[in-house]
Structure formats: C-alpha cells, structure tokens
Amino acid sequence: MARPKADKPVKEERLEIQLWKAADKLRKNIDAAEYKHVVLGLIFLKYISDSFEALYARLQAGEGELAGADPEDKDEYKAENVFFVPQAARWSFLVAMAKQPDIGIHVDAAMDAIERENPSLKGVLPKVYARQNLDPASLGGLIDLVGNIALGDAKARSRDVLGHVFEYFLGEFALAEGKQGGQFYTPRSIVELLVAMLEPYKGRVFDPCCGSGGMFVQSERFVEEHQGRVNDISIYGQESNQTTWRLAKMNLAIRGIDSSQVKWNNEGSFLNDAHKDLRADFVIANPPFNDSDWSGELLRGDGRWQYGAPPTGSANFAWLQHFAFHLKPDGRAGVVLAKGALTSKSSGEGDIRKAMIEGGNLIDCIVNLPAKLFLNTQIPAALWFLNRARSNGHPRQGEILFIDARNLGHLINRRTRELSHADIARIAATYHRWRTGAAEYADEKGFCAAVPLARVAELDYVLTPGRYVGLPEEEDDFNFAERFAALKAEFEAQLKEDTALNQAITENLARVKA
C-alpha cells in the first residue's frame with residue numbers, strides 16, 4: 001500500500017502582506033490615491049491610541065513616581081511625549097461604534113478632537129471617513145482589521161509593528177498609484193542605499209523635498225541598528241505638497257521621531273526656503289527629475305548659485321547647488337538625479353558641473369542605477385555624493401569614484417525592480433573602502449573605478465560611470481540563444497499584461513458611460 005504523500009508545508013505570509021490584501025479587498029471602487037488616507041489615518045489613530053492607553057493604565061495604577069497622578073491630565077502625557085487622546089477619539093470607543101451606520105462621522109470627529117488637543121498635529125490628520133463612496137460596512141471592517149495589529153502589545157512593541165505596517169502600506173499604495181505614487185514615495189531600496197553610503201550617525205539630517213519622510217525613518221533606523229543613539233541626530237525637512245507633508249508627519253510620529261522641523265509651504269524650497277540658515281551634516285534627497293516649473297526666472301541672482309546660474313528649464317543643478325549651500329564645511333550629501341545631469345551641456349549645465357568638480361572639488365562619487373527602480377518615471381537615474389570636506393585631507397581628494405550598478409537588482413514585478421540587501425552592501429562597502437583610503441579598495445572592471453580628476457577633465461567633465469569603469473569580462477559560457485529566448489518570453493508576458501490592462505480600462509469606461 002502506497003504511503004500517503006506528506007502535506008507540503010504552507011508558507012505563512014507576513015502580517016503586513018495579509019493586512020494589505022484584506023485592506024485592498026475592502027477598497028472596492030475607491031481610488032488608491034484616496035484610499036491611502038483612509039487606511040493610513042486609521043493605522044496612525046490606532047498607534048496614538050495604543051500609546052495613550054498604555055500610559056493611561058500606568059497613571060491609573062499610580063505606582064511609584066506616578067502616585068496620585070490624574071489619568072485625564074494632559075500635562076502627564078505631554079511630559080512623556082505621548083499624544084493626548086480624548087474619550088470620543090480612543091480606539092476602544094471607535095471599535096464599539098464600528099458597526100453603526102454613522103461610524104464615518106465618529107472617526108472624522110475623532111480626528112478633529114485629536115488635532116484640537118495636540119497642536120503639533122493641527123492640519124495633519126485626514127477627515128475623509130464620512131464620504132459617500134466609503135460605505136460604513138467597509139469602514140467598520142477596516143477598523144476591525146487595524147484593531148488586530150499589535151493587539152495588546154506594549155507601547156514600544158506597538159510602535160514598531162504599527163510603524164512597519166504603515167511603511168509597508170505606503171509602498172504598496174505607491175505601487176498601486178503608479179506614476180502618482182512616486183511623488184510621495186522613494187522606493188525603499190534606494191533610500192537604504194543612500195543611508196548606507198552616507199552613514200548618518202550623528203548631526204543634522206536635511207531633506208528639502210522630503211515626500212512622506214522615508215529618508216528620515218531610514219536614517220533613524222540605521223543609527224539604531226548600528227548601536228548608535230537616535231537622539232544624536234535631528235531632522236529638518238520641507239515639502240511643498242500639503243497632502244504628502246501630512247503623510248510625512250504621521251509617518252514620523254508613528255516612529256516617535258520629532259517632526260517639528262519638517263515644514264510645509266506651497267511655494268517650495270527654492271522660493272521659500274524654510275531653513276535658510278541651516279547648515280546640515282547630511283543632506284539626503286530625491287528631488288523631482290528635470291523639473292521645468294521651478295520658478296528659476298525669479299531667482300537669477302540667488303546667492304545659492306555658487307557654481308553658476310542654473311537654467312530656468314530644468315531644476316537639476318538648482319537642486320545640487322541648494323543641497324551644497326545647506327551643507328556644513330565638512331557636510332556630505334547623497335541625492336538622486338536624472339542620469340541626463342551627468343552629461344548635459346545645455347544652458348550652461350556643463351559649466352556648472354565643471355565648476356563643481358574643478359573649482360568646488362565637491363563631487364565624491366557617482367552611482368549609475370539600474371532601470372525600473374522608480375514608480376513614477378522610466379527616466380534613467382544616478383546617485384550623486386557630494387562632500388564639502390574633500391579639500392581638507394581627504395585621502396581621495398584628487399579622484400572621483402564611479403560605480404556602475406546597472407546590472408544589479410531584481411524584478412519584483414514586470415514593471416518594477418529593487419536592489420537586494422546584498423546589492424546595497426556591495427555598493428556601500430566599495431564606497432567606504434575607497435573613501436577611507438583603505439588598502440583593500442581596488443578597481444573592478446565593469447563595476448567601479450577610482451578616476452583622477454585629470455581624466456575626468458579629458459572627457460570634458462562627463463560623469464557617466466560607464467565611460468570610466470569599462471566593460472566586465474565576458475563569461476565564456478554565455479548562451480545567446482537562451483538569453484534571447486528569456487527576453488522574448490519577458491516581452492510577450494509584458495505585452496499580454498498591457499493588453500489585459502487596456503481591456504480592463506475600456507470595459508470600465510464603457511460601464512461609466514452606460
């Protein structure tokens with residue numbers, strides 16, 4: 001008699017993936033761009049309520065130094081850096097009301113009440129829950145779903161779990177929104193690479209186009225993971241899109257990060273610099289690529305243009321000089337720019353790049369990135385690393401390090417690629433070995449090269465890494481037919497996916513017209 005086959009072990013999905021699938025099922029006909037505020041607002045509300053309830057219980061117990069404390073005294077919460085949550089905004093109250101037809105009104109009222117009691121949250125929280133396109137049953141289901149996150153955990157554990165879920169949902173909403181999602185979210189692997197290369201252990205970290213705050217979250221995580229003290233860094237930021245700024249404020253608050261210096265104004269960093277006098281230890285940023293609507297004609301004589309007036313039709317070199325302006329004399333920056341900025345000579349951009357290399361001795365390293373990393377654009381991109389201290393005993397002050405990482409990364413779907421932890425470690429380690437003058441650094445054909453400034457000048461100050469690192473050694477066993485077949489299969493699958501998408505759009509339009 002044949003033995004029955006053993007059941008294959010079922011791989012359990014991570015909590016955040018399970019939650020995302022459940023939340024997405026409740027979305028129904030609501031656009032992802034709108035729905036993200038519904039879901040993320042509830043996660044944030046759950047976080048501050050958990051924190052409040054934990055301290056409330058301690059105050060109510062009145063043990064030790066808390067003897068005689070009043071659990072309803074707002075000052076007790078302020079002293080512990082915990083948001084005060086009024087009775088009608090507490091999670092337990094909303095759970096009790098979750099099955100009522102007017103639950104949306106209660107949640108909006110809760111958000112209003114929390115903002116009134118906590119001035120730092122004024123204008124931050126979403127009030128979108130009583131809208132007609134969000135039916136009460138779906139909202140009640142979401143409240144039940146979010147209520148199960150970190151259930152019963154202590155404040156620190158709750159913050160960690162809820163913060164992780166918040167960050168994961170930000171990324172998933174960005175993927176769901178596609179091009180628009182890239183406006184508030186920089187893919188995590190790019191943020192991790194920037195932070196791993198800069199190593200912001202101590203000092204002021206500045207992002208003048210901070211989106212939803214991912215650069216700051218990763219900077220603080222980096223310090224924690226390397227046994228540093230989070231209080232040794234402070235963050236400064238600016239965002240021109242108010243909706244995105246609200247996401248940043250919630251994202252930082254749920255991580256317990258002080259966001260008092262993360263500012264919003266709709267004029268943006270060029271016209272209304274909220275941190276004019278700031279000189280930062282680190283700048284980490286992902287500004288809009290090739291932005292033509294940056295009001296450059298109003299800023300022709302601005303003092304930030306130390307290396308030349310940037311063209312009015314593209315903000316790339318305005319951003320680079322803005323970042324350099326805000327660095328301390330020994331400060332460093334890591335930023336993402338469109339790859340065209342490495343070679344462009346139009347409207348004086350080549351002269352600015354030359355001045356930054358020769359006169360400023362400012363450019364430390366250029367990393368060529370793989371394609372398909374970004375959600376909102378297919379424009380090729382590169383990382384620029386600036387260093388104000390290159391002229392002060394920098395062991396590599398006469399060189400620029402070029403890294404060509406175009407062949408790294410892996411596809412997470414047919415449209416999007418990400419860098420693995422091993423990829424990030426390889427790039428960062430190469431940079432650190434070179435920057436510190438370590439003897440073990442060596443050029444690697446097709447990947448990295450330390451290039452004298454004289455050689456860069458010979459190539460007319462073009463900074464494309466491929467010009468300097470050369471081609472990798474070809475593998476003897478390369479199978480052209482196999483590679484061609486793989487590319488053909490990928491193309492056909494992409495074509496099939498696009499056809500299905502177009503058909504779905506056509507059907508939806510037909511239903512709308514009907």
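Accessible areas here come from the Shrake-Rupley method with a 1.4 Å probe, and for residues only the protein chains shown count as cover. On that basis the protein in this predicted model exposes about 25200 Å², of which carbon and sulfur atoms supply 50%. Local features need pLDDT of at least 70 and side-chain atom pairs count only at pLDDT 80 or more, whereas totals for chains, interfaces and linings use all residues. Residues are numbered from 1 along each chain as its sequence is written, and side-chain values use heavy atoms, with hydrogens and water left out.

Of the 514 residues in the protein, 50% are buried, meaning under 20% relative accessible area with a 1.4 Å probe, protein chains only. Among contacts (heavy atoms within 4.5 Å) with a separation of 6 or more, 73% are between residues 24 or more positions apart.

Let me turn to the fold. There are 17 helices and 11 strands, which are DSSP runs numbered from the N terminus, helices being H or I of at least four residues and strands E of at least two. Nine strands form an open sheet with mixed pairing, in the order β3-β2-β1-β4-β5-β7-β6-β8-β11, where two strands pair if DSSP finds at least two bridges between them. Its edge strands, β3 (262–264) and β11 (448–452), each pair on one side only, and the twist averages 15° from one strand to the next.

Within that sheet, β1 (residues 203–207) and β4 (residues 280–285) run parallel and are joined by two bridges; F206 has V283 in β4 as its bridge partner. Helix α12 (residues 316–325) lies across β1, β4, β5 (327–338) and β7 (381–387), and runs at about 155° to β5, with axes fitted to C-alpha atoms, for helices over the stretch in contact, and angles running from 0 to 180 degrees between N-to-C directions.
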